[in-house]
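Good morning. Please have a look at the model on the screen, and I will go through a few parts of it.

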Amino acid sequence: MQYDFETSPTRKEEGSLKWKQMYSWNENIPDDVVPLSVADMEFLNPPEITEGLSEFAKKVVYGYTGPTMEYSEAVKSWMKNKHDFDIESDWIVNTSGVVTGFFTAVRAYTNVGDGVIIMTPVYYPFYNAVEKTGRKLVKNPLLNNNDYYEIDFENLDKLCQKEENKLIIFCSPHNPIGRVWKKEELEKLAEIAIRNNMIIVSDEIHNDIIMKGYKHTVLQTLSEKIADRTITCTAPSKTFNLAGLACSNIIIKNEMLREKYVKATQEVGSSIINIFGYEGCRLAYTKCEKWLEELLKVIEINRDLVVKFFEEKYPKITANPIEGTYLQWVNFKALGMDKDSLEKFMHEKAFFITDEGYIFGEEGDGYERINLAVPTKKLEICLNYLDNALKEIY
Ligand SMILES: Cc1ncc(COP(=O)(O)O)c(C=O)c1O
């Protein structure tokens, strides 16, 4: 490996939200434990970004700043080369995050009381984007066949036929269950959306983190018709661990939808994003492809380690290997604990600090989401603590 994926940075004093949360759950967590919860990474930054931003910091004036041509070209090339996704610079609308991006879409394209469909269990801010904006949450739960999840197209079609339901927030690849949707599945989704005049917000923030043997398809590349009604949310933040730089690229081809979107950002006084966000994104998309290649290898090693750990030691606890994202979904129902007891066991006995499945919706009760983006040695240490606690009760 050219890059260092073994050093575990100490983020305890850096204001890391994930670390603060860990100590708020249990202040006596052993010093060698790292949190495996919130989706950012316990790796050093790609050096090209650290060095590039240092140079940039010395030379630019920090005034009001928008995207440069080099930045837009970097986003365009990345989308084209990685995803066969042809975009124009003016399709890109910047937001500080993808969460802000889909909240804005909900406000832009629906009215208070309108129905917004989400496929559960799913990334918990999807619920907030609907409920906190006064829209109606309409759930289309994923079909769960032994922890292999699929879209319930029949139910989706029924829901989309209802006049009051206007928008779908779709997660692709899907957090927390780790599916990379097949092209055929996306085609069915697109057909239903087009026939029922739905708008789709396709959150593709995890679209670069794809395991070997799987292929991500950008929903809006399927046809002109679906591109015309899709808002594609992308960012370098998951791929290169840049969430703190706060720069996301919301890609909207349809001019009318784009205008409405921009208007919705203006209505809340949202203006520019951080000057370092644009540059971080440009550096990531032009200089860090090799870093990403190596990262994916580490994620695969860690995924296999976790899957094997349960298979060999605790076969009733099941982990279906993820296809994409760096978040492994694990079924702990065999322990027979309710969600509060499972959480208490993880935090207080096992020191295994993951995201609890229930935060992604009731379908997630009894599951844990393990963040695999940590040095393998650290993951082994965390699994060892879990092992010691499980031995007593399994
Ligand atoms: C599906 C999904 N969307 C959005 C986000 C967060 O986006 P941002 O930090 O850009 O708001 C995450 C973070 O884990 C995510 O998993």
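This is a predicted model: local features need pLDDT of at least 70, side-chain atom pairs count only at pLDDT 80 or more; totals for chains, interfaces and linings use all residues.

Residues are numbered from 1 along each chain as its sequence is written, and side-chain values use heavy atoms, with hydrogens and water left out.

Back to the strands. Helices (H or I, at least four residues) and strands (E, at least two) are DSSP runs, numbered from the N terminus. Strand β11 (residues 327–331) and strand β13 (residues 367–371) run antiparallel, joined by 5 bridges. Two strands pair if DSSP finds at least two bridges between them. In general, strands of a sheet pair through backbone hydrogen bonds, either parallel or antiparallel. Here the open sheet has 4 strands in the order β10-β11-β13-β12, and the pairing is antiparallel. Its edge strands, β10 (318–319) and β12 (355–356), each pair on one side only.

Next, the ligand. Which residues are around the ligand? Among them are Val-98, Asn-175, His-206 and Lys-238, where near means that a heavy atom of the residue lies within 4 Å. By class, this shell has 6 nonpolar, 4 polar and 2 charged residues. Ala, Val, Leu, Ile, Met, Phe, Trp, Tyr, Cys and Pro count as nonpolar, Asp, Glu, Lys and Arg as charged, and the others, Gly among them, as polar.

Now the individual atoms. A backbone N or O atom of Val-98 is 2.7 Å from an oxygen atom of the ligand. For Asn-175, a polar side-chain atom lies 2.7 Å from a ligand oxygen atom. His-206 has a side-chain N or O atom 2.7 Å from an oxygen atom of the ligand. For such a polar contact, the pair of N or O atoms must be within 3.5 Å.

Last, some backbone geometry. Most residues other than glycine have a negative phi, and most peptide bonds are trans. The bond from Thr-120 to Pro-121 is cis, with omega near 0°, and Pro-121 lies in the loop between β2 (115–118) and α5 (125–131). The bond from Ser-172 to Pro-173 is also cis, with omega near -10°. Asn-197, not a glycine, has a positive phi of about 60°.

Terms used: A polar contact is a pair of N or O atoms within 3.5 Å; within protein, one must be able to donate a hydrogen and the other to accept it, and residues adjacent in sequence count only if both atoms are side-chain atoms.
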